[in-house]
Amino acid sequence: MSDYEKLTRLRRELEAMRQDLSQRIAQGAPGKPDLVILHERVSRAIKALSPQG
């Protein structure tokens, strides 16, 4: 597996994690402030892995 493929896979996993966090935040899960912070950090990681990052 090339480095590009590894980065692409990691980005997909982060996008899935961000989607899950968004759903949990929308449902009003306990620890919402922590989830919001984590969502922001995951979003920044995705942006850093993007070609335009």
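**Figure 1. Helix α2 from end to end.** The expected span of a helix is 1.5 Å times one less than its number of residues. Helices (H or I, at least four residues) are DSSP runs, numbered from the N terminus. Helix α2 covers residues 32-49, which is 18 residues, so α2 should span 26 Å. Its end C-alpha atoms are 26 Å apart, in agreement. This is a predicted model, in which local features need pLDDT of at least 70, side-chain atom pairs count only at pLDDT 80 or more, and totals for chains, interfaces and linings use all residues. Residues are numbered from 1 along each chain as its sequence is written, and side-chain values use heavy atoms, without hydrogens and water.

Figure 2. Buried means under 20% relative accessible area, exposed over 50%, partly exposed in between (1.4 Å probe, protein chains only). L35, V42, S43 and I46 of α2 are buried. Down the axis of α2, the buried residues fall within an arc of 105°, so they line one face of the helix. The arc is taken from the directions from the helix axis to the C-beta atoms. On the other side, P33, D34, R41, R44, K47 and A48 are exposed.

**Figure 3. Where α1 meets α2.** Helix α1 (3-26) is among what covers the buried residues of α2. Contact means heavy atoms within 4.5 Å. Residues of α1 including L7, L14 and L21 meet a set in α2 that includes L35, V42 and I46.

**Figure 4. L10 of α1.** L10 lies in helix α1. At 36% relative accessibility, L10 counts as partly exposed. L10 and I46 are 36 residues apart in sequence, yet their C-alpha atoms are 8.8 Å apart in space.

Conventions
Helix = DSSP H or I, 4+ residues; strand = E, 2+ residues; numbered from the N terminus.
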